[in-house]
Amino acid sequence: MKAAGHYIGTPNGIVLCISHKDGEIVRGCLYHGYSREGIPFYGYEEVIKIAEQFFNALGFPHMGTGDRDISGRTYRCQKREGMARVMGDKELLGQHGDMGTFVVRVQHRQHSSWQGRVTYLDKNQTVCFRSALELIKMIDGVLDEVEESEETSEKEE
């Protein structure tokens, strides 16, 4: 991971604030510049679903393929008109999770997945990801390290 600075830098950037981890389930809030309210989530599946809805409403990044159902029908989502930013980068970066805070910048949605960069704000480290699954594994790995360091410091006390 390399240092990246504290910025969002893209209209579709999201701030993922993780407050708790129960086994493999994470909880927290997702923030973006088009709403002052955080969107609570329970699990990575909800993070993906909330972010996809946001990207579809924004119309960026463009989907490489449309959403499909079990019957094979493809659906194209319409961009929501009139979306205006209500929070700047500074306000977004002011949000923090108890376990970790991540800035996710999805640059492309190709091959039915995401490609982009994620910054772990607590250590100012940025890494690129090639899929939503890779992003989840990276975030989960960082959270595992946080849990281990908390357990070690509790034992020392």
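The lining of the largest cavity divides into 10 nonpolar residues, no polar and no charged ones, where Ala, Val, Leu, Ile, Met, Phe, Trp, Tyr, Cys and Pro count as nonpolar, Asp, Glu, Lys and Arg as charged, and the others, Gly among them, as polar. The model is predicted: local features need pLDDT of at least 70, side-chain atom pairs count only at pLDDT 80 or more, and totals for chains, interfaces and linings use all residues. Residues are numbered from 1 along each chain as its sequence is written, and side-chain values use heavy atoms, with hydrogens and water left out.

**Cavity**
- About 60 Å³ of space lies in the largest cavity; on a 1 Å grid over the protein atoms alone, a cavity is a set of points where a 1.4 Å probe fits but cannot get out, a pocket is an open set with protein on both sides within 12 Å along at least five of seven lines, and lining residues have an atom within 4 Å of a point.
- A volume is the space filled by probe spheres set on the points, which are joined across faces, edges and corners.
- Among the residues lining the largest cavity are Ile14, Tyr44, Trp114 and Ile139.
- Strand S1 (14-22), H1 and helix H3 (132-156) each give two or more residues to this lining; helices (H or I, at least four residues) and strands (E, at least two) are DSSP runs, numbered from the N terminus.

**Second largest pocket**
- This pocket holds about 150 Å³ of space.
- Helix H1 (residues 44-58) gives the most to its lining, with four residues.
- Six nonpolar, three polar and one charged residue make up the lining of the second largest pocket.

**Nonpolar core**
- The largest nonpolar core has 29 residues, and Ile18 and Phe102 have the most contacts inside it; such a core is a set of buried Ala, Val, Leu, Ile, Met, Phe, Trp, Tyr and Cys residues joined through side-chain atoms within 4.5 Å.
- Leaving aside neighbours within four places in sequence, Phe102 is in contact (heavy atoms within 4.5 Å) with residues including Ile14, Ile18, Tyr120 and Leu143.

**Strand S7**
- Five of the six residues of S7 are buried, so this strand is largely enclosed by the rest of the structure; buried means under 20% relative accessible area, exposed over 50%, and partly exposed in between (1.4 Å probe, protein chains only).
- S6 and S7 pair in the antiparallel sense over six bridges, pairing requiring that DSSP finds at least two bridges between two strands.
- Tyr120 in S7 is the bridge partner of Phe102.
- S7 also runs antiparallel to strand S8 (residues 125-129), joined by five bridges, and Arg117 stands opposite Cys128 in S8.
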